[in-house]
Amino acid sequence: MGLPCIVDIFSYCICAKIIIFAKFYFKMKNQHNIKHVGIVTRINGNNKVIVKITQNSACSVCDAKGACSAADKAEKEIEAVNLGKMVEVGQEVTITGQTTQGLQAAFLAYFLPFIVLITTLIVVFYSTKNEGIAAMSAIASLVPYYFILFLFKNKLTKKFTFYIN
């Protein structure tokens with residue numbers, strides 16, 4: 001497997017990622033808020049509430065999900081800001097966030113790491129002419145990327161805020 005084959009495969013991957021991100025972007029652009037219904041699990045202080053939501057993947061609405069192992073559903077706990085609404089543990093609430101937050105989160109979590117991975121793969125392959133080293137370097141390049149995201153977790157948490165309706 002030589003360079004032309006690797007370039008072809010990753011060209012298709014890049015095109016597919018761009019198309020998926022563009023569809024997500026234009027879908028989200030027409031919406032003003034991201035909404036999730038969840039159950040209050042804890043109340044932290046005066047205005048912070050922990051809400052458990054069930055997050056479905058895009059696969060969950062697919063007709064072939066029964067035959068596919070990629071379909072998943074996960075429960076997540078999200079800290080939401082309560083602006084004066086009386087809530088109790090166990091109460092069902094709707095939390096909302098701005099669409100731009102969802103787009104930025106998707107960009108930071110999926111699209112940008114993919115660009116880092118592909119760029120590293122191509123640069124290392126051209127430098128070493130060794131596919132194994134290029135592949136391992138590309139995967140290893142994600143460790144510092146996600147570590148940097150972890151270091152900025154508090155700043156990102158302030159930027160990505162959900163509110164109780």
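Tutor: Helices (H or I, at least four residues) and strands (E, at least two residues) are DSSP runs, numbered from the N terminus. The structure above is a predicted model, in which local features need pLDDT of at least 70 and side-chain atom pairs count only at pLDDT 80 or more, while totals for chains, interfaces and linings use all residues. Residues are numbered from 1 along each chain as its sequence is written, and side-chain values use heavy atoms, with hydrogens and water left out.

Student: How many helices and strands does the protein chain have, and what pattern do they follow along the sequence?

Tutor: The protein chain has five helices and five strands. Read along the sequence, their pattern is α-β-β-β-β-α-α-α-α-β.

Student: Where is Lys129, and what makes this residue count as exposed?

Tutor: Lys129 sits in the loop between H2 and H3. Relative accessible area decides the class: under 20% is buried, over 50% is exposed, and partly exposed is in between (1.4 Å probe, protein chains only). Lys129 has a relative accessibility of 56%, which is over 50%, so Lys129 counts as exposed. Its phi is near 60 degrees, a positive value in a residue other than glycine.

Student: Why is Ala74 called partly exposed?

Tutor: Ala74, in strand S3, has a relative accessible area of 30%. That value lies between the 20% and 50% limits, and therefore Ala74 is partly exposed. Its C-alpha atom is separated by 5.7 Å from that of Thr54, 20 residues apart along the chain.

Student: How do you know that Ile50 is buried, and which residues does Ile50 touch?

Tutor: Ile50 belongs to strand S2. Its relative accessible area is 7%, which is under 20%, so Ile50 is buried. A contact means heavy atoms within 4.5 Å. Not counting residues up to four places away in sequence, Ile50 touches Ile39, Val40, Thr41, Arg42, Asn44, Glu77, Ile78 and Glu79. One of these, Val40, is ten residues from Ile50 in sequence, with 5.9 Å between their C-alpha atoms. In the protein chain as a whole, 25% of the 165 residues count as buried.

Student: What makes a group of residues a nonpolar core, and which residues make up the largest one?

Tutor: A nonpolar core is a set of buried Ala, Val, Leu, Ile, Met, Phe, Trp, Tyr and Cys residues joined through side-chain atoms within 4.5 Å. The largest has twelve residues: Ile34, Val40, Val49, Val51, Ile53, Ile78, Ala80, Val87, Val93, Ile95, Phe162 and Ile164. At least two residues of this core come from each of the strands S1 (33–44), S2 (48–56), S3 (73–81), S4 (92–98) and S5 (162–164). S2 gives the most, with three residues. Another core, of eight residues, lies apart from it and includes Leu117, Ile118, Ala134 and Ala138. In soluble globular proteins, nonpolar side chains tend to be buried together.

Student: Where does Leu117 lie, and which residues are in contact with Leu117?

Tutor: Leu117 is part of helix H2 (residues 99–128). Leaving aside neighbours within four places in sequence, Leu117 is in contact with Ala138, Ile139, Ser141 and Leu142.

Student: Why does Ser141 count as buried, and what joins its side chain to that of Thr120?

Tutor: Ser141 lies in the loop between H3 and H4. Its relative accessibility is 13%, under the 20% limit, so Ser141 counts as buried. A polar contact is a pair of N or O atoms within 3.5 Å; within protein, one must be able to donate a hydrogen and the other to accept it, and residues adjacent in sequence count only if both atoms are side-chain atoms. The side chains of Ser141 and Thr120 are joined by a polar contact of 3.4 Å, which is within that limit.

Student: What makes Asn82 buried, and what does its side chain reach?

Tutor: Asn82 is in the loop between S3 and S4. Its relative accessible area of 9% is under 20%, and therefore Asn82 is buried. Its side chain reaches the backbone oxygen of Lys85 at 2.6 Å. Beyond its neighbours within four places in sequence, Asn82 is in contact with Asn47, Val49, Val87 and Ile164.
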